[in-house]
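Subject: Structure handover

Hello,

Here is the structure for you to look through. Please open it beside this message and follow along.

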Amino acid sequence: MSSLSDKTKSQATLSGQRRLTRTGRVIVTVIAVAFALFPALWVVSASLDPSGSLATTKLIPTNASLRNFRELINDPVNPFLLWLWNSIKISTIVAILSIFILSLSAYAFSRFRFRLRRNLLLGVFLVQVFPSSLTIVGLFLLVQQIGRYIPSLGLNSHGGLILVYLGWVMGINVWLMKGFFDSVPRDIDESAMVDGATHWQIFWQLIFPLVRPIIAVVAVLSFIGTFNDFILSRTILQSTEEFTLMVGLYLFVDQQFAQNWGVFAAGAVIASVPIVIVYLLLQDQIVSGLTTGAVKG
């Protein structure tokens, strides 16, 4: 009878510990979600606040209106919609070109064995170690020199900025894609080569469709990285008509006496919409690509 009572007490203690653990997890999750959502909610609140100031903004603003959004879109001096189009265009081109270049590079590193292969992989990784801010002067001078021979790839051109971004997205993405390519069985390559397929046919018709998850990951990372970039685009672009969205929005707060944080917040809210749409469309592929690519490298 005593052993049965002790067993009951042990089960009750274990049940209480499990309940306490679940409660702790829920509390931590709620705190983490609140910590992540609060900045976004504050920006949305500031965009609806007609005062245009962050100092007096409340989480639920008084006399909330869409005035900041109307002022942003109808501004005759600052072409917000043009900036938005410039960012979407540049980010989309960079994402598409980076997929093509990185997939070819990852396929070569994964399937071929050639001299200095390991050194090249380490070199690509080391380039990514240094922050892009250290290369600003070098990139500026490089694009300036290229522009003397090819103006469409020089300073104050979207072509020059795309060229810089393509070099920027290399590095860790090559390793990420290579890890995913390594997870594809080599038996596929060998069977196709027995049937007379070329390396290009193996890559394009067999391997490429199998690595769609990692392609989605690289595409999203490239799109978001270039869409949200400020430093590189501010360095390369010089005229208002060529500005990307992040550089253009900075004009609303880069003034000593006329900082309009309400309009800036409205632009930030609209700027988040393309990124959210891209992520929602590819979220299943992103999860699959990140988990599978991490298994083997």
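Start with helices α4 and α7. In this predicted model, their axes come within 8 Å and cross at roughly 130°. Angles of 65 to 115 degrees would count as roughly perpendicular, and angles over 145 as roughly antiparallel. The α4 and α7 pair is therefore oblique.

Which residues make this contact? From α4 come R117, L121, L122, V124, F125 and Q128. From α7 come I172, V174, W175 and K178. Sorted by class, the contact has seven nonpolar, one polar and two charged residues.

Now turn to the surface. L122, F125, L126, V129, F130, L134, I172 and W175 form a nonpolar patch there. Together they have about 780 Å² of accessible area. Two elements give two or more residues to the patch: α4, residues 117-129, and α7, residues 172-182. Which element gives the most? That is α4, with four residues. I172, one of the patch residues, sits in helix α7. Look back at the α4 and α7 contact as well: L122, F125, I172 and W175 are among the residues that make it.

Next, find helix α3, residues 80-111, and helix α9, residues 199-210. Their axes come within 12 Å and cross at roughly 110°. That makes α3 and α9 roughly perpendicular to each other. On the α3 side, the contact is made by I99, F100, S103, L104, Y107 and R111. On the α9 side, look for H199, W200, I202, F203, I207 and F208. By class, this contact has nine nonpolar, two polar and one charged residues.

Stay with R111 for a moment. How far apart are the closest N and O atoms in its salt bridge with D189? They are 2.8 Å apart. R111 lies in helix α3 and D189 in helix α8, residues 187-194, so the pair ties together parts that are 78 residues apart in sequence. The structure holds two salt bridges, and the R111 and D189 pair is one of them.

Last, check two spots in the loops. L116 is in the loop between α3 and α4. Its phi is near 65°, a positive value in a residue other than glycine. N156 is in the loop between α5, residues 136-149, and α6, residues 158-169. N156 is not a glycine either, yet its phi is positive, at about 60°.

Then move on to the patch, the R111 and D189 salt bridge and the two loop residues, L116 and N156.

Best wishes

Key: Residues are numbered from 1 along each chain as its sequence is written. This is a predicted model: local features need pLDDT of at least 70, side-chain atom pairs count only at pLDDT 80 or more; totals for chains, interfaces and linings use all residues. Side-chain values use heavy atoms; hydrogens and water are left out. Axes are lines fitted to C-alpha atoms, for helices over the stretch in contact, and angles run from 0 to 180 degrees between N-to-C directions. Angles under 35 degrees count as roughly parallel, over 145 as roughly antiparallel, 65 to 115 as roughly perpendicular and the rest as oblique. Contact means heavy atoms within 4.5 Å. Ala, Val, Leu, Ile, Met, Phe, Trp, Tyr, Cys and Pro count as nonpolar, Asp, Glu, Lys and Arg as charged, and the others, Gly among them, as polar. Patches are made of residues with over 30% relative accessible area and no salt bridge: like charges are joined within 9 Å, nonpolar side chains (Val, Leu, Ile, Met, Phe, Trp, Tyr) within 5 Å. Accessible areas come from the Shrake-Rupley method with a 1.4 Å probe; for residues, only the protein chains shown count as cover. A salt bridge is a side-chain nitrogen of Lys or Arg within 4 Å of a carboxyl oxygen of Asp or Glu.
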